Amino acid sequence: MPDQKVALVIGATGIVGGNTIRHLDAKDDWQVVGLSRRRPYYESTATFISVDLGDAAECRTKLAGLDRVTHVFFAGYTERPSWAEQDAPNLALLVNPMEVIEPIATGLEHVCSLQGTKAYGSHLGAFKSPAKESDPRHMPPNFYYSQQDYLIEKSKGKNWSWSCMRPHAVCGHAVGIPMNLVSCIAVYATISKELGLPLRFPGSPITYRSMYMATEAGLLARAMEWAATTPSCADQAFNVVNGDYVRFEHMWPKFAEFFGMEPGPLQRIDLPLMMADKAPLWDEIVRKYDLVPNAYEDMAHWPFAQYIFNNEWDMMSDVTKCREFGFLDFVDTEQMFLNQFAELRANRIIP
Ligand SMILES: NC(=O)c1ccc[n+]([C@@H]2O[C@H](COP(=O)([O-])OP(=O)(O)OC[C@H]3O[C@@H](n4cnc5c(N)ncnc54)[C@H](OP(=O)(O)O)[C@@H]3O)[C@@H](O)[C@H]2O)c1
């Protein structure tokens, strides 16, 4: 049996953390421990600890036995009403477990922490694109910066290194995670079809024609393992996206074809407002097509979809650095969407 590494995945029930656990779990050189408050929604041989990472005292009690951890994959995330308000609670999700584990896990080698394109200010407005890892930071606060600065300070003079991953629009297997572009589009299409509507792009015409990119969750998990175990990746940040760039304009007719619908003309609507009353219709669709019952609010987060469909600037991250350091994996983004819609259908989550 190969040398056993012990992965601690923080955020075990998230789209990133869950897919990371599923990836590592399939390999025989990793033992996996997952942390989150809820129990995971997927089958796994990993050990799970239910803990509120925002509570330092609870972390001290529940995480005191994690002295064999060799690699930490940090994919915890907590939402707050504003970006500025996210800083302290998100920093706590990293600091509270690290303050318990780092002193006792004497074999710790690496901490791989999740960031995203918001590290470049993609949420603030137009930003320099393609964005490079060496680009200067935007005006803080940004919880990614606080987390990265914590890791830089904490790792000084120690035997472990850190890395930061910068994906965009992570798409992958997820149940009960409504901030998932794949399920948002799938639910929007299913409801539109049931109402006899064409598949209209509900956002800005500028967004429809802008450059976009995404990160398949499996590709991200492979990149995280690579960064955590490749010595030259120590203390580096990496853009991790599929590697191609797309426009909704070109993908949308293919999506309509998948759902058996006409691609409609664009019509910008306020998704949180217009989709708010559709839960009874969703429940009716679940009954009518004998779907696995999933609550409407677990399937789609309309403010998230509204945000994605109305960013009127190119979303492009440069992937040269990853390639230079040796990660050559890629995914066809349009095909990724179609495959993941098909997976939702095969799992009877959509008709
Ligand atoms: N999803 C994307 O498209 C995307 C794109 C770019 C970057 N990112 C970045 O990737 C990282 C992970 O994002 P994600 O989308 O995977 O997040 P997510 O799906 O919302 O998952 C967040 C995870 O954090 C856990 N968590 C939150 N508060 C907790 C608490 N108090 N105690 C214990 N666990 C807690 C959640 O578990 P419980 O709720 O069960 O406790 C869940 O497992 C974030 O930094 C995000 O900014 C994500």
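**A helix and its surroundings**

Analyst: What covers the buried residues of helix α4 includes α3 (87–104), β5 (110–114) and β6 (161–166). Please keep in mind throughout that this is a predicted model.

User: Which residues of α4 are the buried ones?
Analyst: The buried residues of α4 are Phe-143, Tyr-144, Gln-147, Gln-148 and Leu-151. They lie on the same side of α4, because they cover an arc of only 135° around the axis. An α-helix has 3.6 residues a turn, so residues three or four places apart point the same way.

User: And what is exposed on the other side of α4?
Analyst: On that other side, Asp-149, Ile-152 and Glu-153 are exposed.

User: How many residues does α4 have, and how far does it reach?
Analyst: Helix α4, residues 143–155, has 13 residues and reaches 18 Å from its first C-alpha to its last, which is close to the 18 Å expected at 1.5 Å a residue. Just after α4 comes Gly-157, which takes a positive phi of about 75°.

User: Let's move to the start of the chain. Is α1 mostly covered or mostly open?
Analyst: Helix α1 is mostly covered, with 10 of its 11 residues buried. Among them are Ile-15, Val-16, Ile-21 and Leu-24, and also Asn-19, Arg-22 and His-23.

User: What covers them?
Analyst: The cover over the buried residues of α1 includes the strands β1 (5–10), β2 (30–36), β4 (71–74), β5 and β7, together with helix α7.

User: Now the ligand. Which residues come nearest to it?
Analyst: There are 27 residues around the ligand, and of these Gly-11, Gly-14, Arg-37, Arg-38 and Gly-116 come nearest. By class, this shell has 14 nonpolar, 10 polar and 3 charged residues.

User: Which element gives the largest share of that shell?
Analyst: That is helix α1 (residues 15–25), from which 3 residues of the shell come. As for domains, the shell draws at least three residues from each of domain 1 and domain 2.

User: Where are those two domains in the chain?
Analyst: The domain assignment gives domain 1 as 5–168 + 216–239 and domain 2 as 170–213 + 245–315 + 330–346. Their C-alpha centres lie 28 Å apart.

User: How many residues of each are in contact with the other?
Analyst: In domain 1, 18 residues are in contact with 15 residues of domain 2. The elements that give two or more residues to the side of domain 1 that touches domain 2 are α1 and α7 (217–229). By class, that side of domain 1 has 8 nonpolar, 9 polar and 1 charged residues.

User: Which residues have a positive phi without being glycine?
Analyst: Ala-169 has a positive phi of about 45°, and Asp-235 has a phi near 65°. Ala-169 is placed in the loop between β6 and β7, whereas Asp-235 lies in the loop between α7 and β9 (236–239).

User: Are these two buried or exposed, and why?
Analyst: Ala-169 counts as buried because it has 21 C-beta neighbours inside 10 Å. Asp-235 counts as exposed because it has 12 C-beta neighbours inside 10 Å.

Note on methods: Residues numbered from 1 in each chain as written. Predicted model: local features only at pLDDT ≥ 70, side-chain atom pairs only at ≥ 80, totals over all residues. Near = placed C-beta within 6 Å. Helix = DSSP H or I, 4+ residues; strand = E, 2+ residues; numbered from the N terminus. Nonpolar A, V, L, I, M, F, W, Y, C, P; charged D, E, K, R; others polar. Domains from an automatic or database assignment. Expected span 1.5 Å × (residues − 1). Buried ≥ 20, exposed ≤ 12 C-beta atoms within 10 Å, placed from the backbone. Arc of directions from axis to C-beta. Contact = placed C-beta atoms within 7 Å.
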